[in-house]
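Here are a few friendly notes to read beside the model. Take them one at a time, and keep the 3D view open as you go.

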Amino acid sequence: MSDTAYAHSYIDESRVTAEAPWLKSYDPECPAHLDYFMGTLEEAFERMAEKYPDYIAYDFMGKSTTYKKAIEDIHACAKALKAMGIKEGDKITICMPNAPQTVTIFYAVNMVGAIANMVHPLSAVKEIAFCLKDSESVAAITLDQFYDKFVEVRREVELPHLIITSVADALSPIMKLGYKLTEGRKIKKPEGDDFIWWKDFLKQGESVTDYRCHRDATSPAAILYSGGTTGTMKGISLSNLNFNALAAQIVATNSFFRPGDRMLAIMPMFHGFGLGVSIHSMLANGGHCILIPRFTPKSYAQLLKKHRPNLIAGVPSLFEALLRVPEADALELSCLKGVFSGGDSLSVELKKRFDAFLESHGATIKVREGYGTTECVTASCLTPMHKAKEGSIGLPFPDTYYKIVKPGTTQEVPYGEEGEICLAGPTVMLCYVNHPKETADTMKDHGDGLIWVHTGDLGKMDEEGFIYFRQRIKRMIITNGYNVYPSQIENVLEAHEAVHLACVIGVKDPIRVQRVKAFVMLKPGYEGSEELKKSILEHCTKYVAKYAMPRDLEFRPELPKTLVGKVAYRVLEEEEAAKEMA
């Protein structure tokens with residue numbers, strides 16, 4: 001795994017005719033093109049272990065693991081997988097929170113040439129069963145507390161091998177004792193012979209010698225699940241190169257990064273943002289991951305105080321929640337080199353508020369918004385370090401191309417005009433698993449030497465190459481023939497002094513087809529009233545066209561969130577639809 005394992009360009013640049021106006025807006029430190037490691041995910045990690053064996057790869061609940069020890073654990077797990085009968089191309093479902101075992105088995109699966117199928121452990125039984133069946137997984141790993149869920153799952157789908165582990169398996173002796181006396185006591189210990197405990201699983205591989213499988217950089221490495229560009233749950237097949245290219249791009253666009261920098265890894269590993277940015281991009285570059293299996297806004301503030309990370313990344317609701325907890329008041333954040341927002345739209349108002357929070361707590365940097373889709377692992381666009389534009393999600397990564405097209409076509413629109421965001425680059429997925437038609441509908445050849453992902457998102461590009469995200473095309477509300485963009489109205493609502501968070505949806509209307517309804521979560525100290533509702537709506541009239549004005553406004557103590565922390569507007573849509581049916 002020498003430096004000769006690098007190669008530039010996944011495409012023939014001589015054939016690319018797409019324009020790249022963003023290059024003139026790049027930070028001086030950021031190159032336009034990069035060389036990419038053409039090995040596997042595990043080999044990228046192992047190269048860092050050879051270079052920085054004594055650096056900390058990750059921390060977990062007070063226990064640190066060096067790069068050298070992390071790789072030894074991965075080899076032991078790879079041997080155990082081989083002893084279990086796992087072979088090249090097999091799919092292994094990893095249904096785990098952020099924990100050392102998750103990291104270990106993810107890279108061990110890669111080492112033996114298998115494919116990691118990443119699934120949220122809090123998913124419903126039918127969702128887990130779907131992911132197992134859809135991926136054709138032959139084995140799975142989960143925590144002891146989710147064993148009963150897998151008993152139900154196995155009634156719906158065949159699963160030859162199940163590995164059960166516990167949080168205690170990754171703790172120091174003292175922490176393990178404390179865990180067993182507290183949280184561990186609440187967990188019913190699985191019994192039976194239809195699974196294998198983590199420690200017994202590892203012992204099975206002790207005598208195995210031939211277990212490493214060398215795979216091509218473009219071979220599949222992981223499957224992540226997403227609603228995709230159509231809103232239907234699909235597995236997204238991603239290659240070794242997809243992840244390794246992202247790791248190179250992350251460092252290129254953040255030239256301040258140094259091996260040993262600490263990332264608070266709160267975004268989950270079953271999500272592209274967590275796996276791609278917070279875990280692999282760190283471990284493939286000598287970074288230090290602080291693994292957080294779960295958190296609350298209060299514990300998030302405590303984690304920032306305790307670990308003093310250099311890097312944090314999250315969805316907007318994570319930053320919104322931090323602003324609400326008193327524990328954040330005493331934070332000293334001069335340790336931060338980078339704060340990144342993605343996974344959902346960051347309103348201009350929330351960015352201003354969080355930037356002010358950072359400044360008042362000693363940080364010298366601001367939130368940098370990015371954009372991406374699971375179809376390209378995660379981020380493919382990021383606000384540069386030295387230049388930002390209000391409302392923009394930044395500039396495309398090196399070797400990544402963006403264009404805005406007229407929806408439903410490949411026809412590019414002029415700068416400043418809204419259309420569908422399309423992107424191409426080395427992180428673009430291989431395919432949707434078992435969905436050739438949807439793959440063909442999403443990945444298209446525009447005749448310019450690139451394969452473009454049609455994201456299903458509305459946006460625009462200015463003449464300097466800055467990208468502006470509007471929202472999902474399917475989220476657009478059409479009322480009286482006018483197009484209404486919920487995210488724009490949410491920005492206006494959140495600029496009101498009393499509003500902490502807002503969500504706007506379209507509900508059925510016999511005359512307008514749809515009417516606009518707003519759900520509002522108030523800041524502490526404010527009470528919902530008709531007078532306040534009138535004040536908020538009057539505020540909206542100054543910025544929102546009459547046809548786009550909310551016809552209803554409902555106060556909520558909390559807004560529903562998805563499993564990864566986005567505002568779950570679909571839940572509100574379903575609630576309103578149920579009312580219509582009642």
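1. Start with two helices: H3 (residues 100–111) and H9 (residues 272–283) pack at an angle of about 70°, their axes 13 Å apart. Axes are lines fitted to C-alpha atoms, for helices over the stretch in contact, and angles run from 0 to 180 degrees between N-to-C directions. Helices (H or I, at least four residues) and strands (E, at least two) are DSSP runs, numbered from the N terminus. H3 and H9 are therefore roughly perpendicular, a label for angles of 65 to 115 degrees.

2. Before going on, note that this is a predicted model: local features need pLDDT of at least 70, side-chain atom pairs count only at pLDDT 80 or more, and totals for chains, interfaces and linings use all residues. Residues are numbered from 1 along each chain as its sequence is written, and side-chain values use heavy atoms, leaving out hydrogens and water.

3. Which residues in H3 and H9 meet? Val103, Phe106 and Tyr107 in H3 meet Leu275, Ile279, His280 and Leu283 in H9, where contact means heavy atoms within 4.5 Å. H3 also lies across S3 and S13, running at about 140° to S3.

4. Now find the open sheet of nine strands, in the order S4-S3-S13-S12-S14-S15-S16-S17-S18, with mixed pairing. Two strands pair if DSSP finds at least two bridges between them. The edge strands, S4 (63–66) and S18 (395–396), each pair on one side only.

5. Ser64 in S4 is the bridge partner of Asp59.

Terms used. Parallel < 35°, antiparallel > 145°, perpendicular 65-115°, else oblique.
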